[in-house]
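I wrote down what I looked up and the criteria behind each term.

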Amino acid sequence: MMISSKVADRLNLQIKYEYYSYWLYQQMVFVLETMGYTVFAKWFTAQAAEEQTHALKIAKYLLDQGYEVKLMALEEPPANWKTVEEIVQAALDHEIEVTKNISECVDYAIEAKDHATNNFLKWFVDEQVEEVATAKELLSLVQMAKTPDQILLLENRIMELRAPQGGE
Ligand SMILES: [Fe+2]
Ligand SMILES: [Fe+2]
């Protein structure tokens, strides 16, 4: 059964949000590189790459359901963060926002009695729980570091936080 065009359009919009997440995290990478925090930059490089896989996952689903994928224009991400803490806080805020976006997609699927899409979105619902939890954990670590030196020391630990998550 084909999905409704209302659901398909909402998923198409979600592709934009996922690419915006990529765009935002990539901007964070460039700012972190400028600040000299190469390990944090690596963290957000991995984060950005994940967001691209999210966009592609949705695109593939739409194609499988017989819909065309239409990419949309992305807004400029901010780039005026002054500290690592500001960046990590912005990442957490962003993931909370994306969690709302995903919930909205689920609402659309439920309203359309679209079980296939609802099922498909479960992975994203779970993923958002992870994304928010990890961002919160990273933020509390960064908040414990009081000086730039301590943040540099922290860099040794943060990739461990990422490691058990695996590739996706
Ligand atoms: Fe995502
Ligand atoms: Fe994310």
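I looked up T45 to begin with and found that T45 sits in helix α2; helices here are DSSP runs of H or I with at least four residues, strands are runs of E with at least two, and both are numbered from the N terminus. T45 counts as partly exposed because 17 C-beta neighbours lie inside 10 Å. For that class I note the cut-offs: with C-beta atoms placed from the backbone, a residue is buried if 20 or more other C-beta atoms lie within 10 Å of its own, exposed if 12 or fewer, and partly exposed in between. I then checked T45 against Y25, 20 residues apart along the chain, and the C-alpha atoms are separated by 7.1 Å.

Before going on I record the conventions: this is a predicted model, in which local features need pLDDT of at least 70 and side-chain atom pairs count only at pLDDT 80 or more, while totals for chains, interfaces and linings use all residues. Residues are numbered from 1 along each chain as its sequence is written, and chains are lettered from A and ligands numbered from 1 in the order in which they are written.

**Whole chain**

I counted elements next and noted five helices and zero strands in the chain, which read along the sequence as α-α-α-α-α. The radius of gyration, taken over C-alpha atoms, is 17 Å, close to the 15 Å from the globule rule for 168 residues, so the chain is as compact as a globular protein of that length. The rule itself is 2.2 Å times the number of residues to the power 0.38. Along its principal axes the C-alpha trace spans about 55 × 30 × 20 Å. I also noted that buried residues make up 29% of the 168 residues. Of the contacts in the chain with a separation of 6 or more, 74% are between residues 24 or more positions apart, a contact being two residues whose C-beta atoms, placed from the backbone, lie within 7 Å.

**Helix pairs**

Two packed helices are described by the angle between their axes and the distance between the axes. The axes are lines fitted to C-alpha atoms, for helices over the stretch in contact, and the angles run from 0 to 180 degrees between N-to-C directions.

How do α1 and α2 cross? Their axes come within 8 Å and cross at roughly 165°, and that makes α1 roughly antiparallel to α2; angles under 35 degrees count as roughly parallel, over 145 as roughly antiparallel, 65 to 115 as roughly perpendicular and the rest as oblique. α1 passes α2 in a left-handed crossing, meaning that the near helix is turned anticlockwise from the far one by less than a right angle, whereas clockwise would be right-handed. By class, the contact of α1 with α2 has 18 nonpolar, nine polar and three charged residues, where Ala, Val, Leu, Ile, Met, Phe, Trp, Tyr, Cys and Pro count as nonpolar, Asp, Glu, Lys and Arg as charged, and the others, Gly among them, as polar.

I took α3 (residues 84–111) and α4 next; their axes come within 9 Å and cross at roughly 165°, which makes α3 roughly antiparallel to α4. The crossing of α3 past α4 is left-handed, and their contact has 19 nonpolar, six polar and four charged residues.

For α4 (residues 115–144) and α5 (residues 148–162) I noted an angle of about 160° with the axes 10 Å apart, and the two are therefore roughly antiparallel to each other. α4 passes α5 in a right-handed crossing. E137, L138, L141 and V142 in α4 meet I151, L154, I158 and L161 in α5, and by class this contact has seven nonpolar, no polar and one charged residues.

**Single residues**

K60 lies in helix α2 (residues 38–64) and counts as exposed, with 11 C-beta neighbours inside 10 Å. K60 and E86 are 26 residues apart in sequence and 34 Å apart in space, C-alpha to C-alpha.

M2 is in the segment before α1 (5–35) and is exposed, with 11 other C-beta atoms within 10 Å. Leaving aside neighbours within four places in sequence, M2 is in contact with Q65 and G66, while the C-alpha atoms of M2 and L32, 30 residues apart along the chain, are separated by 44 Å.

My last entry is K113, found in the loop between α3 and α4, where its phi is near 50°, a positive value in a residue other than glycine. Most residues other than glycine have a negative phi. K113 counts as exposed, with 8 C-beta neighbours inside 10 Å.
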